[in-house]
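The sequence and structure are shown first.

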Amino acid sequence: MNRCRALVACGAVTCLYLTLVVTPALRAQVVGGTISGSVLDPSGAVVPDALVRIENPSRGLQRELKTNGGGFYSVPNLNPGNYEITVTAAGFRVARQSAVLTVSEQLVINVQLQLPNDAQTTVQVEGGAPAVELASSSVSAVVEGKAVRDLPLNGRDWTSLAALNPGVHSVDTQTSPAAGGNARVNRGWGTQLNIGGDRPQQNVYRLDGVVINDYTGGGPGGVLGLALGVEAVQEFSVVTGNAAAEYGRTSGGVINAITRAGTNQFHGSAYEFLRNSAFDARNFFDGADVPPFRRNQFGASLGGPIAKNHTFFFFDYEGLRQSLSTTTVDSVPSANAHQGILTTGNVTVDPKVAPYLALYPLPNGAQKGDFGVYSFVGKAVVPEDLYTARVDHTIGAKDTLHATVLSDDSTTTGPDNYNFVLNEQIGSRKSASIEEGHLFSGALGNFARFGYSRSVAEAPILAGGIAGNALDTSLGFVPGYPVGTMQVSGTPDFLGASLPSYAYHYN
C-alpha cells in the first residue's frame, strides 16, 4: 500500500485461583511479599502451636496464625512496609521483632524464645533481617518508593530506574518515537531494557500481579516512550536471573511493581516539573535561533482511609504537555529538477514524472547538480494523561481485598520528513486487577485474582495537509487515493498522504 499505518492492539484477561500450601518449599504466585520462619526454644528445638502475630501499624492490619508441627509459620501476600512480629507460647517470654518488607521479598524471620525470669518479662529483639536471601535463589534487587519518587528522572519514567541494578542496561540505539514514522510503533513505545543479556521482548512487567507488557511483548509506555506514574508506584523489584517458577511466562528479567496504597493517615502530593529550551544550546543544523521546546509534567496524588483500619484508597493523576520543535535538513530535487530538467547528462524527465518531482519542496539552501538543501523547523505536540486508582479493604482477620485501575492515553502530532502532511500517532494503555485473599489456617491459603490488560497503538494517522497538493487524488497510484510513498535515490522517502494499510499484532 502507498502509506503505512499500523493499528496494533493487544488484550489479555487472566483469572487465577491460587491455593497456597504454606510450607518452606512451596509458593504460589502472589503480589506482595512473604514473612516466614521458624520458632525455636533456647536449645534450638522447634516450638509447635506458638502464636505468631504480624502487624502493620500504619494500616491496622493484623495476621495471626500458629506454627505447625515443625515450628514453621508463613504469612504470604503482604504489602511492602514496616511490620511488627510478636510471638507468644506457653512457658516462654513474649518475643517481638521489627522487619521491613519489600515487594515480592521472601523474608525469613526466625525467632528463638527464651525462658521467663518472671511472668511479666518480654524479649525485644533488635536488628533487621539477614542480608542474605534465605528463601529464594533468584537474583534480584528492589528499587524502593523513596528512590522512585525522589530521584530526578528525565520524563519521570519509573521503569528507567531498573537500570540502576546490576545486569540491567537500557538499549543505546532505541528508535526515536518521533511523529511521521512507524519504526518505533512496530517495536513498542516503552523503554527497551536488556536484562541479563536477554532481548527486551523477553522481559515481563507486572503491576499488582497483572502482566502489563505491550502488544509487541515489550515494556509499557506512551508515545514518548515513557511509563508515567512515579507517584503511584510504591516500589518495584527487578529479577535479573534464576527467576522462581512462580513468575513463569518469561525467559528474561522480571520487573514486578506494586501500586501505593492508602493508610490510616492522609497523605498526598501536588507537583509540576518544567523543562524548556531556555538553556539549550544551538545544534549544528539550527538556524540563528534555538527551536523552542517546552515540557510540563504536573499532577496530584491523595491516599487515606475510607474506614479506619479497614478500607483505604489511593488516587494519582499525572499529565504531560510537550511542544518540541526540531530542525530537519533534507536533500530534495533542485529547482531545475522540479521542472523535469536534469543537469546530469542534460536529460529531460518524462512529462508524466515531472508532477511528482514538483511535489517535493523547493530547496531553500545550497544547490548542487540535481539536488538541493531544504530545511525547516517542525513542531511535534504531545498531550498525555495517566490515571491510577487503588482501593484496599480488610474484610476480616483472614480475608483481604484490593483492586487497581490504570488508564494512560497519549498522542503526538507533527510533520513528516518534508513538512508535506501532518501525521499523528496514538498510544493507549488500560489495565485493571482485583484480588481476594483468604487464609484458611496457618498452613493453607487461597488467593483469587482477576486481571485485564490492553494496549493499542496506531501510527501514522493523517491528521491534516500542510502542502497544497497533499490530497491531490489525480496523482495517486491507486485511483481515488492521494499520492503514496515515493523513493528517489539520494533523498529521504517521500511518505505521501495515501490511506493506510493495516497490520495487527496481538500477544
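## A buried glutamate

In this predicted model, the side chain of Glu235 reaches the backbone nitrogen of Val103 at 2.5 Å. Glu235 is placed in strand S17. Glu235 is buried and has no salt bridge; Arg149, the nearest side chain of opposite charge, is 7.6 Å away.

## Salt bridges

The count of salt bridges comes to 10. One of them joins Asp208 and Arg390, with the closest N and O atoms 3.5 Å apart. Asp208 lies in the loop between S15 and strand S16 (210–211) and Arg390 in strand S25, so the pair ties together parts that are 182 residues apart in sequence. Asp208 counts as buried because its relative accessibility is 1%, and Arg390 counts as buried at 2%.

Asp409 and Lys430 form a further salt bridge, at 2.8 Å from N to O. Asp409 belongs to strand S26 (residues 399–415) and Lys430 to strand S27 (residues 421–441), so this bridge ties together parts 21 residues apart in sequence. Both side chains are partly exposed: the relative accessible area is 34% for Asp409 and 29% for Lys430.

Arg449 and Glu435 are also bridged, their closest N and O atoms being 2.9 Å apart. This pair links strand S28, which holds Arg449, to strand S27, which holds Glu435, across 14 residues. Arg449 and Glu435 are buried. Salt bridges with shared partners join Arg59, Asp208, Arg390 and Asp392 into one network.

## Surface patch and a loop contact

Phe284, Phe285, Val329 and Val373 make a nonpolar surface patch of about 420 Å². Val329 lies in strand S21 (residues 311–333) and is partly exposed, with a relative accessible area of 38%.

Glu105 is found in the loop between strand S8 (94–101) and strand S9 (106–108). The side chains of Glu105 and Thr102 are joined by a polar contact of 2.8 Å.

Notes: Residues numbered from 1 in each chain as written. Predicted model: local features only at pLDDT ≥ 70, side-chain atom pairs only at ≥ 80, totals over all residues. Heavy atoms only, no water. Patch = residues over 30% accessible without salt bridge, like charges linked within 9 Å, V, L, I, M, F, W, Y side chains within 5 Å. Areas by Shrake-Rupley, 256 points an atom, 1.4 Å probe, with all protein chains shown as cover. Salt bridge = Lys/Arg side-chain N within 4 Å of Asp/Glu carboxyl O. Helix = DSSP H or I, 4+ residues; strand = E, 2+ residues; numbered from the N terminus. Buried < 20%, exposed > 50% of the residue type's maximum accessible area, 1.4 Å probe, protein only. Polar contact = N/O pair within 3.5 Å; in protein donor to acceptor, adjacent residues only side chain to side chain. Lys, Arg positive; Asp, Glu negative; His and termini not counted.
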